[in-house]
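Morning, everyone. Please have the model open on your screens. I will go through strands and helices.

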Amino acid sequence: MARSLREDELPLDAPEGEPTADEAAAKAPYEPSWLDELTPRQIVAELDKYIVGQDAAKKAVAIALRNRWRRQRVEEELRDEILPNNIIMIGPTGVGKTEVARRLARLVGAPFVKVEASKFTEVGYVGRDVDAMVRDLVDVAVNMVRDEREADVEELAAERAEERLLDLLLPPTPEPAPLRPPAPAPAGEKEAEPRTFVVTPAGAARSQGPEPADEAERRQLDARRERTREKLRKLLRAEKLEERLVEIEVQQSPPIENLMLPMGGFEGVDFNFVETLQEMLPKRKKRRTVSVAEARRVLLQDELDKLVDMDEVVNEALDRAEQMGIIFLDEIDKITGERGGIGPDVSREGVQRDLLPIVEGSTVQTKYGMVRTEHMLFIAAGAFHVSKPADLIPELQGRFPIRVEFKPLTQEDFVRILREPKNALLRQYQALVGAEGVPLEFTDDGILEIARIAYEVNERMENIGARRLHTVLTTLLEDVLFDLPEEGARHIRVDARVVQERLRSIVEDEDLRRYIL
């Protein structure tokens with residue numbers, strides 16, 4: 001979606017050879033309008049609503065995002081030379097590395113994909129190649145833009161789908177035959193009754209009476225038919241016809257999963273070839289008898305497909321992926337090792353070499369066209385327990401100039417995590433229990449005790465960060481969640497005494513603590 005230039009940015013009568021305002025707007029890279037309002041401080045404030053602590057990481061990603069906005073305001077000649085400052089996050093698991101990147105992408109509406117670096121293999125080995133993450137990002141961008149375009153025309157599509165549904169419930173009359181004078185009724189017989197339409201209480205429409213004989217009677221019939229159609233429309237909007245069955249025609253694309261493809265499915269297959277093959281194979285139409293509710297969904301999607309121009313969607317999605325795309329490379333420490341080693345370390349270093357051109361900037365073939373990666377933002381993360389960032393090949397280290405170290409969570413951080421975020425765990429469990437009509441209350445001393453136990457278990461065993469709170473709360477409320485439907489409505493209060501009683505035996509038993517918490 002290109003930014004519209006103001007009138008004062010270009011002259012009204014551009015000199016010959018100079019771009020007009022519309023042409024300049026069309027060439028401008030994708031830039032969301034709400035980036036004008038998001039300063040780095042405001043970005044950090046938004047991240048604070050969901051993530052506790054880690055101020056250094058929030059500050060780094062906020063600056064990286066604002067720099068993208070600043071880049072759009074640089075003259076075009078220098079704009080392409082400004083590359084994003086990729087970030088590498090270092091810290092133990094469960095401290096918020098993934099959540100920072102995910103919330104950032106949701107905040108700005110940018111295409112975002114999270115991939116596990118350990119799933120990639122070096123070119124020549126069986127497995128996923130690194131280009132797959134760029135293809136995944138483009139798929140996300142296309143779906144994102146398509147959803148936005150469909151939301152813009154959804155009201156019009158719903159109106160068209162409703163008209164088609166009414167045509168199924170009350171089929172249109174055939175083309176009128178040439179008018180002829182009505183034959184006189186034989187002596188002793190009554191004149192023919194006029195033709196009428198009747199809607200039954202179940203919503204079925206049927207016609208009664210003979211065929212019309214003159215134009216005046218046909219107009220009267222059309223008026224009655226229109227009244228019947230309006231009655232059906234009211235029943236349809238009141239959802240009183242959802243269980244009725246109608247017959248619709250759907251188009252089925254030929255299945256290409258059964259074609260002989262290389263091992264690994266579509267990985268490495270030329271997507272243009274696959275798409276062309278799909279278009280060449282004949283599409284089959286099939287008539288299905290479905291309920292009105294299902295027919296409405298099918299017809300609505302069909303109308304959306306007609307109203308949305310996929311060529312425009314793809315063009316905008318490619319631009320959005322190139323200019324605003326964020327790729328989160330998790331577990332990057334799993335592909336590090338001592339350089340010059342043997343065995344699996346060779347393959348790990350090969351993956352790093354394959355990642356290097358993607359991060360540096362290259363062109364990747366996708367089923368929607370060629371995509372450039374030099375302006376995508378790459379955020380890498382890893383615990384680096386048995387290795388260190390210096391074990392990455394030097395070229396890849398240089399492509400991640402910003403390094404942010406995440407601090408281990410303290411007991412005070414656990415208390416804040418339980419209380420402060422908008423999606424805090426305590427609020428989630430209160431909502432789950434509230435669905436049964438039962439209030440759930442956590443006292444201050446109960447919250448402190450939960451945080452203390454989670455912190456101590458992390459210190460004695462593997463430190464899994466805030467994820468330990470999930471295991472502690474699940475064990476604490478296991479009996480409550482199990483017995484709640486049968487016990488009926490009652491007030492549940494969780495204080496320090498309740499927490500100690502339910503978790504003491506598990507915390508004190510080394511074996512139980514190892515396998516339960």
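Buried here means under 20% relative accessible area. Keep in mind that this is a predicted model.

Let me start with helix α16, residues 467-476. Which of its residues are buried? They are R468, L469, V472, L473, T475 and L476. Now look down the axis of α16: the buried residues fall within an arc of 160°, so they line one face of the helix. Recall the general rule. An α-helix has 3.6 residues a turn, so residues three or four places apart point the same way.

Next, the hairpin. Strands β8 and β9 form it, with two residues between them. β8 covers residues 363-366, and β9 covers 369-372. The two run antiparallel and are joined by four bridges. V364 has V371 in β9 as its bridge partner. Side chains alternate along β8. V364 and T366 point to one face and are buried.

On to the open sheet. How many strands form it, and in what order? Five, running β2-β7-β10-β1-β11, with parallel pairing. Which strands stand at the edges? Those are β2, residues 112-116, and β11, residues 402-405. Each has a single partner strand, so one side of each is left without a neighbour in the sheet. On average, neighbouring strands of this sheet are turned by 20° against each other, direction ignored.

Take one pair from that order. β7, residues 326-330, and β10, residues 377-382, pair in the parallel sense over four bridges. L329 stands opposite A380 in β10.

Now helix packing. Two packed helices are described by the angle between their axes and the distance between the axes.

Helix α6 spans residues 131-169, and helix α9 spans 292-307. They pack at an angle of about 130°, with their axes 7 Å apart. That angle makes α6 oblique to α9. Their crossing is right-handed. What sort of residues make the contact of α6 with α9? There are 14 nonpolar, one polar and ten charged.

The other pair is α13, residues 411-419, and α15, residues 444-460. Their axes come within 9 Å and cross at roughly 130°. So α13 is oblique to α15. α13 passes α15 in a right-handed crossing.

That is my tour. Over to you for discussion.

Terms used:
Residues numbered from 1 in each chain as written. Predicted model: local features only at pLDDT ≥ 70, side-chain atom pairs only at ≥ 80, totals over all residues. Heavy atoms only, no water. Axes fitted to C-alpha atoms, helices over the stretch in contact; angles between N-to-C directions. Parallel < 35°, antiparallel > 145°, perpendicular 65-115°, else oblique. Left-handed = near helix turned anticlockwise from the far one by under 90°. Nonpolar A, V, L, I, M, F, W, Y, C, P; charged D, E, K, R; others polar. Pairing = 2+ DSSP bridges. Buried < 20%, exposed > 50% of the residue type's maximum accessible area, 1.4 Å probe, protein only. Arc of directions from axis to C-beta.
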